[in-house]
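Colleague: I have a model open and would like to know what stands behind the words used for it. Could you take me through them?

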Amino acid sequence: MDRLYLEIEISTQDAVTTIYTSTSSFVALYTHRYLIAKQKADNVLVNFVATKIAGGKIALRSDHLKRELTDQHITCREAASLTAIRDLKLPIYEKNGNTYIAGTCAVCRELIARQPSEELKKLLGFKGSCLLAPSEVSIWTRFCEVDVVQVVSSLHNGHILPAVPAEVVRFEQHMNEPVRMHNIYKQAREQANQPENGRKVKRKDRVQIECSTPKEQLLIEHRFAEGITFTIADIILYPLLKIIFQHCGQMLPHFPLTSTWFSEVGRPKSSLNCRLIPRLFALQIDSFDSACARILNDLYGGSRVHTPPGDLAIPDCEATSLYKADPKRYKPRNRIYTSQSQVEAALGKLEALQLDFNSDSEHNYGQQVIDWEQIEPSHAESSALPQKRLERKRQQLENMANAVVSLAQPGDRIVDFCSGTGHLAILLALKLPQCTVIVMENKAFSVLQAQKRAGELGLTNCVFYQCNIDYFVGQFEIGASLHACGTATDIVLQQCRRARAHFVCCPCCYGSLQPMPHISYPLSETFQRVLAANDFLYIAHTADQAHEMGTANCKPETTRQGLRCMAVVDTDRSLQAQEAGYHVILTRLKPEQCTPKNHLLVGRFVKQN
């Protein structure tokens, strides 16, 4: 049986014991209880992990959890025998005993995906894609998994609202956006041609809606968070927004669309007259009942509400859609457009540092010593890659593996971040059988493929984590990443510095570098003395102009400038690591033609500053 691990903190004061949980674990528990209410059975074993919860914590009504809150279902995090409990942020979903999933949306999705009921699996939306994209790339997933969760956590940490949270305003604006969904024109035609008085509309009288009609003109409005269908997004957002409005006094009437959404989500089935509801919505309305409100009441122990007198101020928020595929997002106001003069000016500022920006090095990790036919006897035939590209990919992997082997010691834990289908991780597991290799990837399909390949090779020293990089909090000795896109490389390096682990990184997508809440550019103190953030991003965007010399895309002058900018960006990464106590080698993969993005950063932690 699969297991769900949730975070709790047990507090006893004046002979009264209160059990708290984190906001993310509360959402996972809420989703689990919702599915039990619908399925009338439980196919997931809940385990609680006792720890000290950082930040705001939610009190649970433990009288409704007597079956789960027993000694055999509570584990102390520090003493947990399961390494994943110490490695990953809770909640965690253990799948098939060998895959561990972290991240609120990913855990809740897995809870639903593992249900035997096909009807419940429809909560995952069209083609199971609802909240599938990780929060690093999807504004919608980040809103559900990070933004609203942070608001609820701060409220349970004693925060008093000076105004209505911006997330509430953003959700109201989202509900006012045109619905974006598959087959929206078909749905609009069906809605426009509903039978009247039981009589079917004749063909000649049918309303015609062309696919050229702007979506804004279709009479389809949000009933639920993702359109007209109740999904996992509603299950996650309902308890969070309900709790937020408890701290907002009498502000709900100021948000009519959210208020209507609450009534739809929490409306009892018996209160609906399905004969009065258009056929388009009948199945959606009939597929749920008042379970959302009832389960929230059963689980939520409440908190001390600190609400100032009078109405709260409502902040002005730019009407930015939360839909990940909204075309309005493709032209944001703050996008950086790089001109040649800006690049030259930024590069000129670096001259004051008197540094030599290049990746020339005596170190070579390109020794070809791997028998690929033994490791992947059928891969060349089954691979979709052309033979030449397959050879180049193998050359990249050999460079990476050789660099990791040069740093490894028996017993080391090695993390392959952004592992994809596990090609590098599996190669490392074969070359270093006395080490444990963690395959970390946020795409479920890729993790499944990696597991399949490891099983075919009989590997027993691989561990599989399906999560974003930020959800990993464990200790390790070596971190590796091959072409982790854009800022992901810097998050990997940040993880290595946290654990004082050696690293082997081959960066990619320099033009995708963007500041994040925990990553700002330039990285090193050295660069920060002479470059502003925009100066650095001009250089990073130009680095993507580096193409292989002699190819159709290559303009020699542009490519030489791109190569120099690549060296500048990676020198900044190298300097940041050196400032943190690392000895760093900046070199290139061999042969250099195996990829245009051929820089290799090899860092050995040598001292604590």
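**From numbers to words**

Modeller: Let's start with a crossing: α20 passes α21 in a left-handed way. Left-handed is the word if the near helix is turned anticlockwise from the far one by less than a right angle, right-handed if clockwise. Do keep in mind that this is a predicted model, where local features need pLDDT of at least 70, side-chain atom pairs count only at pLDDT 80 or more, and totals for chains, interfaces and linings use all residues. Residues are numbered from 1 along each chain as its sequence is written, and side-chain values use heavy atoms, leaving out hydrogens and water.

Colleague: What makes α20 oblique to α21?

Modeller: Helix α20 (residues 533-543) and helix α21 (residues 556-579) pack at about 125 degrees, their axes 7 Å apart. Angles run from 0 to 180 degrees between N-to-C directions, with axes fitted to C-alpha atoms. Under 35 degrees counts as roughly parallel, over 145 as roughly antiparallel, 65 to 115 as roughly perpendicular, and the rest as oblique. The value falls in "the rest", so α20 is oblique to α21.

Colleague: Which residues of α20 and α21 meet there?

Modeller: Phe536, Ile539, Ala540, Thr542 and Ala543 in α20 meet Gln561, Gly562, Cys565, Met566, Val568, Val569 and Asp572 in α21; contact means heavy atoms within 4.5 Å. By class, this contact has 8 nonpolar, 3 polar and 1 charged residues. Ala, Val, Leu, Ile, Met, Phe, Trp, Tyr, Cys and Pro count as nonpolar, Asp, Glu, Lys and Arg as charged, and the others, Gly among them, as polar.

Colleague: And why is α1 called roughly parallel to α3?

Modeller: The axes of helix α1 (residues 23-39) and helix α3 (residues 104-113) come within 10 Å and cross at roughly 15 degrees. That angle is below the parallel limit, so α1 is roughly parallel to α3. Their crossing is right-handed. Ser24, Val27, Ala28, Thr31, His32 and Leu35 of α1 touch Thr104, Val107, Cys108, Leu111 and Ile112 of α3. Here the classes are 7 nonpolar, 4 polar and no charged residues.

Colleague: What makes the pair of Phe417 and Phe472 edge-to-face?

Modeller: Rings of Phe, Tyr and Trp (its six-membered ring) pair if their centres lie within 6.5 Å; planes under 30 degrees apart are stacked, over 60 edge-to-face, and the rest tilted. The search finds 20 aromatic pairs. For Phe417 and Phe472 the centres are 6.2 Å apart and the planes at 80 degrees, so the pair is edge-to-face. The two residues lie 55 apart in the chain, and both are buried.

Definitions and conventions
Helices (H or I, at least four residues) and strands (E, at least two) are DSSP runs, numbered from the N terminus. Buried means under 20% relative accessible area, exposed over 50%, partly exposed in between (1.4 Å probe, protein chains only).
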